[in-house]
Amino acid sequence: MKESCPRFSKLLERYFDQEVTDEERSLVENHLQGCPSCQEGLKAMEGLRYLMKAPVDEADPKENFYWVWQKIERAIQQEDKLTWKESIKRWIDLTPILRKRVWVPAAAAIVILLLIITPYFYKKTPSSSEPSVVEYVESQTHNVMVYESEKGDVTVIWLLEGPAKEGGSQS
Amino acid sequence: MLAVILVLWGASMASAEVRTRIRIIEASNQGALVDPVLSDVHGQLGSLFNFTSYRLLKEVTLSLAGTRPVDIPVHQGRSVEITLLGEYGNLVELRIRVKRDGAPILNTHVRLSPQRTILIGGPRHGEGTIIFAISTRF
């Protein structure tokens with residue numbers, strides 16, 4: 001490789017790597033027009049780049065990175081083997097909501113809900129063992145007949161149409 | 001927070017509702033029709049009364065809570081007012097008022113066990129008689 005001008009040597013390298021300013025670029029390009037030595041130097045750099053890049057470009061499509069995938073799979077398998085405590089800890093660490101302790105009011109809300117719902121589960125179970133009872137019956141306008149079966153399964157209150165006795169009827 | 005919990009819990013305990021079903025039936029001797037929806041009380045009605053026809057005019061299901069009276073209008077100026085007075089074990093105490101033109105013609109307190117029906121009848125309706133079948137569930 002022919003030596004480029006000592007003054008432009010560094011600048012030429014930066015020009016080749018496209019690291020120069022616009023001003024430096026025009027300076028180098030002007031110089032290159034009149035300097036065969038630097039032209040040779042630039043060609044040599046391009047040749048070198050080709051020599052280095054070509055084998056990599058050639059190898060890249062053929063490579064399936066088998067070892068990389070193997071490594072990833074191994075890491076996933078190790079992750080699967082975490083104990084449940086570790087899993088929960090990791091999940092909590094990863095969940096920003098839980099990290100912010102939002103679960104405290106959430107747990108309180110669940111407790112409130114349970115307190116509200118619980119009485120409905122412990123509500124009296126309907127039973128037909130107790131009879132229905134007429135505690136009181138009264139009419140100012142009608143005579144009233146009350147019938148209750150002995151078992152208490154039938155209760156009838158009957159308003160007898162027609163004028164009631166003065167003072168109404170009460171039982 | 002504790003206060004809120006206690007208030008809500010207290011409210012839930014206090015707001016026990018009693019579901020009450022009121023069926024307004026027209027009983028008459030015009031024809032021999034028994035409304036299929038009355039099949040559960042037909043046996044009871046048949047064993048007590050001599051009517052040949054029972055027709056459901058109206059059915060209302062209420063959720064009674066507290067002691068607020070609920071008025072159910074029945075036609076020809078009649079209405080039934082039902083008030084939950086309290087719960088005693090497996091019984092609920094109800095005040096039932098049958099009213100005509102706003103004035104009570106019957107005032108009664110009954111203790112009803114669940115799934116049981118009380119029948120209140122007598123008011124005339126056309127060619128027949130009105131029967132109120134009232135039952136509770138809670």
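Predicted model: local features only at pLDDT ≥ 70, side-chain atom pairs only at ≥ 80, totals over all residues.
Residues are numbered from 1 along each chain as its sequence is written, while chains are lettered from A and ligands numbered from 1 in the order in which they are written. Local features need pLDDT of at least 70 and side-chain atom pairs count only at pLDDT 80 or more, whereas totals for chains, interfaces and linings use all residues.

Chain B contains 2 helices and 8 strands, where helices (H or I, at least four residues) and strands (E, at least two) are DSSP runs numbered from the N terminus. Its elements follow the order α-β-α-β-β-β-β-β-β-β from the N terminus on. Of the 138 residues in chain B, 32% are buried; a residue is buried if 20 or more other C-beta atoms lie within 10 Å of its own, exposed if 12 or fewer, and partly exposed in between, with C-beta atoms placed from the backbone.

In chain A, the axes of helix H1 (residues 6–16) and helix H2 (residues 22–34) come within 10 Å and cross at roughly 115°. Axes are lines fitted to C-alpha atoms, for helices over the stretch in contact, and angles run from 0 to 180 degrees between N-to-C directions. H1(A) and H2(A) are therefore roughly perpendicular to each other, a class that spans 65 to 115 degrees. Phe8(A), Leu11(A), Leu12(A) and Tyr15(A) of H1(A) make the contact with Glu24(A), Arg25(A), Val28(A) and His31(A) of H2(A); contact requires C-beta atoms, placed from the backbone, within 7 Å.

Both chains contribute to an open sheet of 6 strands with mixed pairing, in the order S2(A)-S3(A)-S7(B)-S8(B)-S1(B)-S2(B). Two strands pair if DSSP finds at least two bridges between them. Strand S2 (143–148) of chain A and strand S2 (53–64) of chain B stand at the edges, each with a single partner strand, so one side of each is left without a neighbour in the sheet. Strand S1 (residues 18–28) of chain B pairs with S2(B) in the antiparallel sense over 11 bridges, and Arg21(B) stands opposite Thr61(B) in S2(B).

Two loop residues remain. Gln18(A), in the loop between H1 and H2 of chain A, has a positive phi of about 55° although it is not a glycine. Gln18(A) counts as exposed because it has 7 C-beta neighbours inside 10 Å. Asp101(B), likewise not a glycine, has a positive phi of about 50° and is found in the loop between strand S5 (91–100) and strand S6 (103–112) of chain B. With 9 other C-beta atoms within 10 Å, Asp101(B) is exposed.

Definitions and conventions:
Parallel < 35°, antiparallel > 145°, perpendicular 65-115°, else oblique. Contact = placed C-beta atoms within 7 Å.
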